[in-house]
Amino acid sequence: MCGIIGYVGIENSVPKLIDGLKALEYRGYDSAGIAVFTDGGITTVKAKGRIANIEELLKKSYSALSSSCGIGHTRWATHGEPSDINSHPHGTERLRLVHNGIIENYIVLKKELMDLGYTFESETDTEIASKLVDLNYKETSDCFAAVKKSLEKLQGSYALGIIFKDVPGKIFATRKDSPLIIAVSESGNFIASDIPAVLKYTNKYYQLEQGEIAIVEKDKVTVYGLDGQIIEKKLCVADWDIDAAEKGGWDHFMIKEINEEPDSIIKTIRPRVVNGLPNLQLEELSDEKLASFKNITMVACGTAMHAGLIGKTAIERLARIPVKVEIASEFRYKNPIITKDDLVIIISQSGETADTLAALRLAKERGAYTLAIVNVAGSSIAREADSTLYTWAGPEIAVASTKAYTVQISVMYLIAVKLALSVGKITEEEAKNHMRILLEHTPVACEQALLLNDECKRIADKYKDSHDLFFIGRGIDYDIAVEASLKLKEISYIHSEAYAAGELKHGTISLITTGTPVIAVCTEDELYDKMISNIKEVKARGAKVIMICKKGAKGADDVADDIFYIPELEDGLYMPIPAMTVLQLISYYTSVLLDLDVDKPRNLAKSVTVE
Ligand code: AGP
């Protein structure tokens, strides 16, 4: 979604803003812009489309542009189509402002401002916010007071970066329900919507909290709390380095990130296995507390929600505790039945997804214990949950989530085994065996699945021109199918659906015609024969079947057109790890061979910070 960068320091801000914008590209955007102080004024350069358009404009018309202070923005359109005019920064002769989020009361504010004589050129809610700040600045002649007063009126979510013509060398920044950090370096200071935007220059930053206002100068950062008093901020250090946020020789972030999966599992799980047993390393969440939960609800969006599906299967099988999986955007508006005896597990790679964050707050309000599974340290969800279990996958840049999903499901297994042990459903010996499989065998299986790379490419080439593609599975294989289908459609734009194989004859099978590709995930031993029957049903209607199964799966040759024999794990519960690696690779190569923008698929954003 939208991205913010700002720099003030002893060097030229323009290349730094462009670097920052490029590092933010992965969040998804459709236009970009910068505004920098220039002799006695502010120069704005903005355009629809890629950042390359800004670079082109800078080269052609602003080749001498140099400034020690400026702000920049990548816009993912919400109010008004992508256009030069709707691009940020917005503002007036006196100021420029960039904004992430949504101003919900923009219609009321616009009317009030129009009554006072303001006119508007864009369709954005951001322009309204900028003019509200302008009005307050006119009235107070004080930048800080103008920002503070504006916040009293703004409703919705926002991270704002503002520069005032009268005070060169200062960036004003504030936020509510949309992330913003202040990063510090020897040669100057930054504002940014996330860490990768500044990693090239620094990994030290302050986390801005709700309603705080920061004044960022080249050698000074002053942060004011809600009461207007200066507050001391804790300096955070990101352990991500620039290599982790760059492609490092790979063609795309997505393929790099898929290949990082084995390592990510080890990094995430190893510190949480002590003496062979699962240890969540959460002092506040004792074994007694864990054993006390009557119900568990997983809440998340998209791929993270699909990780919750695997979590449900694992917890219900091992611990026999009932688990619901809820889509965050539905959960928050359905008056969910959640009590203080419940555990609500919130899953999010970014830790900033607006619906997921709102769901977390609702669960807390209802008295449930909230446990967040998050990849980004210090993100809103991580900070607000009662307990947070970080997935240490490192930065995930490609919009399509891959390694983050793998580590999310690894953590699901860890929690399932821990719960099962806490409620006495498994013995210590059994728990140790699970940990052995998870920590030692799954990374190896994942490595072996990566060796199927060329075969995945061949299959992608064979089916890339399909109109529709279906995934079928039963039990945990259905959970895999759902995520595999999302992965394929989001980056290849091929219509795809996932079906529980037993459900086909209740309607869906009418979609199968000659040549329709069906990917059948068949890793569940107990359900294997049932799957073969379902495969025969689609074969009889002309489907081309691609089977994902274990080595030696009997009868596969007789029914499938193509077969992937994936590495076997001693307990079928863990098969989603190697199976998904293969399915992610197939999606990746389909997108590559269709010549699509793999890492930044159309209309999508990495971090969905608006509801
Ligand atoms: C996955 O490939 C997606 N792009 C998307 O579904 C994502 O998982 C979802 O938006 C949730 O994001 P989060 O994990 O950052 O909360």
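This is a predicted model: local features need pLDDT of at least 70, side-chain atom pairs count only at pLDDT 80 or more; totals for chains, interfaces and linings use all residues.

Biologist: What is the strand order of the open sheet of 8 strands?

Modeller: The pairing in this sheet is antiparallel. Its edge strands are strand 3 (41-48) and strand 14 (236-237), each pairing on one side only. The order is 3-2-4-1-10-9-11-14.

Biologist: Which residue of strand 4 is the bridge partner of Y7?

Modeller: Strand 1 covers residues 3-9 and pairs with strand 4 in the antiparallel sense. That pairing runs over 6 bridges. In strand 4, the partner of Y7 is G70.

Biologist: At what angle does helix 1 run to strand 1?

Modeller: Helix 1 spans residues 13-24. It lies across strand 1, strand 2 (31-38), strand 4 and strand 10 (188-192). Its angle to strand 1 is about 155°.

Biologist: And helix 2: which strands of the sheet does it touch?

Modeller: Helix 2 covers residues 51-61 and packs on the sheet. Its direction makes about 135° with that of strand 3. The strands touched by helix 2 are strand 2, strand 3 and strand 4.

Biologist: Is helix 1 roughly parallel or roughly antiparallel to helix 2?

Modeller: The two helices pack with their axes 10 Å apart. The angle between helix 1 and helix 2 is about 165°. Angles over 145 degrees count as roughly antiparallel. So helix 1 is, relative to helix 2, roughly antiparallel.

Biologist: How many charged residues does the contact of helix 1 with helix 2 have?

Modeller: The crossing of this pair is left-handed. V14, I18, L21 and K22 of helix 1 meet I51, I54, E55 and L58 of helix 2. By class, the contact has 6 nonpolar residues and no polar ones. The number of charged residues is 2.

Biologist: Is K16 buried or exposed?

Modeller: K16 sits in helix 1. Leaving aside neighbours within four places in sequence, K16 contacts Y7, E11, F190 and Y201. Its relative accessibility is 6%. The cut-off for burial is under 20%, so K16 counts as buried.

Biologist: Which strands stand at the edges of the open sheet of 6 strands?

Modeller: This sheet has the order 5-6-7-8-12-13, with antiparallel pairing. Each edge strand has a single partner, so one side of each is left without a neighbour in the sheet. The edges are strand 5 (90-92) and strand 13 (220-224).

Biologist: By how much are neighbouring strands of this sheet turned against each other on average?

Modeller: The sheet in question is the one with order 5-6-7-8-12-13. Direction is ignored in this figure. The average turn is 20°.

Biologist: Which residue in strand 6 stands opposite G91?

Modeller: Strand 5 and strand 6 (residues 95-103) pair in the antiparallel sense. Opposite G91 stands R96.

Biologist: What angle does the direction of helix 4 make with that of strand 6?

Modeller: Helix 4 (residues 125-140) packs on the sheet. It touches strand 5, strand 6 and strand 7 (156-164). The angle with strand 6 is about 130°.

Biologist: Which residues does the cis peptide bond join?

Modeller: Most peptide bonds are trans. Here omega is about 0°. The bond joins H88 and P89.

Biologist: Is N275 buried or exposed?

Modeller: N275 is found in the loop between strand 15 (273-274) and strand 16 (277-278). It is not a glycine, yet its phi is positive, about 55°. Its relative accessibility is 68%. The cut-off is over 50%, so N275 counts as exposed.

Biologist: What is the phi of Y493?

Modeller: Y493 is placed in the loop between helix 16 (476-492) and strand 23 (495-500). It is partly exposed, with a relative accessible area of 25%. Although Y493 is not a glycine, its phi is positive, at about 65°.

Biologist: Last pair. What is the handedness of the crossing of helix 15 and helix 19?

Modeller: Helix 15 (residues 453-463) and helix 19 (residues 576-593) pack at about 50°, with axes 8 Å apart. That makes helix 15 oblique to helix 19. The crossing is right-handed.

Notes
Residues are numbered from 1 along each chain as its sequence is written. Side-chain values use heavy atoms; hydrogens and water are left out. Helices (H or I, at least four residues) and strands (E, at least two) are DSSP runs, numbered from the N terminus. Buried means under 20% relative accessible area, exposed over 50%, partly exposed in between (1.4 Å probe, protein chains only). Contact means heavy atoms within 4.5 Å. Two strands pair if DSSP finds at least two bridges between them. Axes are lines fitted to C-alpha atoms, for helices over the stretch in contact, and angles run from 0 to 180 degrees between N-to-C directions. Angles under 35 degrees count as roughly parallel, over 145 as roughly antiparallel, 65 to 115 as roughly perpendicular and the rest as oblique. A crossing is left-handed if the near helix is turned anticlockwise from the far one by less than a right angle, and right-handed if clockwise. Ala, Val, Leu, Ile, Met, Phe, Trp, Tyr, Cys and Pro count as nonpolar, Asp, Glu, Lys and Arg as charged, and the others, Gly among them, as polar.
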